[in-house]
Amino acid sequence: MASEDKPGWFGRLFGRKGQSTGDGTDAHKAETELPADAPASPSEGQPDYATGAEDVAHIPLPPEETEAPVADVVEGADLLPIEGEPERPPAGTAGDDPAHGADPVDTGDVNREPVVAPMPDIQPVDSAAALAHDAGAGPDREPEAKGWWTRLTSGMKRTSSALTDRVTGLFTKRKLDANTLEDLEDALIQADFGLETATRISDAVGKGRYEKGISPDEVRAILATEVERALDPVAVPLVIDSTKKPFVILTVGVNGAGKTTTLGKLASKLRAEGRTVMLAAGDTFRAAAVEQLKVWGARTGTPVVSGGEGADAAGLAFDALKQAGAAGTDVLLIDTAGRLQNKAGLMAELEKIVRVLRKQDPEAPHATILVLDATVGQNAISQVELFSQAAPVSGLVMTKLDGTARGGILVALAAKFGLPVHFIGVGEGVEDLEPFAARDFARAIAGLEKD
């Protein structure tokens with residue numbers, strides 16, 4: 001068989017046939033056919049690309065094919081493995097780890113293990129965006145362009161839109177009758193205003209206007225007036241008593257409500273007022289919470305008292321109070337682990353923290369702030385009831401008002417408990433936690449401009 005009639009390796013690899021022999025068999029098949037008892041390849045007789053290069057190295061070529069480069073082998077060159085270290089996936093993709101992916105990068109955080117770029121600091125679920133947002137707090141950070149009113153109305157847009165859209169639909173080309181007022185009451189209840197508040201607002205809308213027309217704008221104005229009336233008594237700022245040093249603030253709440261983030265923002269605000277502050281990392285059940293509070297401490301220039309994971313939270317609070325007193329600190333902010341309000345064992349641990357603090361200072365904690373997540377809706381009522389039994393809750397902070405379309409829960413809480421509302425949050429930035437103002441909140445939830 002002439003050299004031009006015999007297939008090269010590439011042809012044999014993909015089953016290219018040569019000329020038949022005199023006995024009717026394929027000449028190439030006769031030369032390369034394996035014995036009957038030869039083991040099957042992993043691919044059941046199909047070309048094995050992973051070992052193709054080794055096959056080339058061990059099968060001798062006929063003399064006529066070794067005299068000059070064979071085109072078929074050149075065509076299959078892309079099947080050969082690249083020499084050297086296997087290619088690693090790019091940073092940030094699946095399989096990216098220090099052993100096989102991009103090289104680890106040390107972010108420079110104190111007491112932190114190196115992490116793979118471009119991951120930021122340890123970021124628990126309840127404040128990942130907060131740490132990322134505040135990371136630009138240095139000189140290169142863009143100046144804040146939005147005022148508080150703009151951030152408030154933007155954050156509460158979901159609540160306002162859901163409510164005012166329903167109201168507009170109810171009172172467009174329709175008389176104010178019993179059915180309309182009932183539908184209005186239903187809309188307010190769905191926005192978590194609570195039955196008592198919804199009934200009061202519905203009565204105010206219908207007073208003197210029964211069987212008459214009323215515009216949506218008039219309804220929104222009445223809504224804002226009634227909401228402001230309900231919230232004005234509870235819009236009480238957090239007052240730091242300078243005669244009590246340190247002034248101890250204990251934060252409590254369920255998992256993910258935003259306690260640690262709220263403490264970091266509060267520390268920043270108190271420092272801006274010229275007060276000395278100390279943080280106590282009492283959430284010893286979640287390792288990332290300690291690291292998160294240390295990050296806030298570093299950014300605000302606030303010392304942090306912490307222990308190991310699983311350390312006794314009550315003992316740590318006791319030590320923190322002792323250190324704050326010795327240092328002459330103005331305010332001690334104590335973080336606690338998130339706990340469900342229906343878990344008796346965890347609530348008992350909260351009671352223990354209070355008892356231990358009072359062994360040093362009978363009046364401590366001087367303020368106990370319950371941090372509530374607005375997205376939980378009516379469950380917030382149960383939280384206030386049960387946390388108040390375990391700790392002397394003195395005020396509320398409502399977070400994540402920008403994440404719900406039912407922000408009326410704050411009105412329901414005010415009507416039922418009358419607890420002071422110190423701050424509300426509508427975002428993850430440090431500037432998105434502001435003292436609560438009833439009039440601003442009422443007009444924002446009704447979709448009205450600030451007057």
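Me: Which residues are linked with Arg 200 in a network of salt bridges?
Reply: Glu 226 and Arg 229 are linked with Arg 200 in that network. Bear in mind that this is a predicted model.

Me: How far apart are the closest N and O atoms of Glu 226 and Arg 229?
Reply: The closest N and O atoms of that salt bridge are 3.3 Å apart.

Me: And where do Glu 226 and Arg 229 lie?
Reply: Both are in helix 11, residues 216-231. They sit three residues apart, about one turn of the helix.

Me: Is Glu 226 buried or exposed?
Reply: Glu 226 counts as buried, because its relative accessibility is 6% and the cut-off is under 20%. Arg 229 is exposed, with a relative accessible area of 53%.

Me: Other topic. What does Lys 269 form a salt bridge with?
Reply: Its partner is Glu 434, with the closest N and O atoms 3.4 Å apart. This pair links distant parts of the chain, 165 residues apart: Lys 269 is in helix 12 (residues 259-272) and Glu 434 in strand 10 (residues 433-435). Glu 434 counts as partly exposed at 21% relative accessibility.

Me: What about Asp 373, which residue does it form a salt bridge with?
Reply: Lys 400, and the closest N and O atoms are 3.6 Å apart. Asp 373 lies in strand 7 (residues 367-373) and Lys 400 in the loop between strand 8 (395-399) and helix 17 (409-417), so the pair ties together parts 27 residues apart in sequence.

Me: Asp 373, buried or exposed?
Reply: Asp 373 counts as buried, at 11% relative accessibility. Lys 400 counts as partly exposed, at 22%.

Me: How many salt bridges does the structure hold?
Reply: The structure holds 14.

Terms used
Residues are numbered from 1 along each chain as its sequence is written. This is a predicted model: local features need pLDDT of at least 70, side-chain atom pairs count only at pLDDT 80 or more; totals for chains, interfaces and linings use all residues. Side-chain values use heavy atoms; hydrogens and water are left out. A salt bridge is a side-chain nitrogen of Lys or Arg within 4 Å of a carboxyl oxygen of Asp or Glu. Helices (H or I, at least four residues) and strands (E, at least two) are DSSP runs, numbered from the N terminus. Buried means under 20% relative accessible area, exposed over 50%, partly exposed in between (1.4 Å probe, protein chains only).
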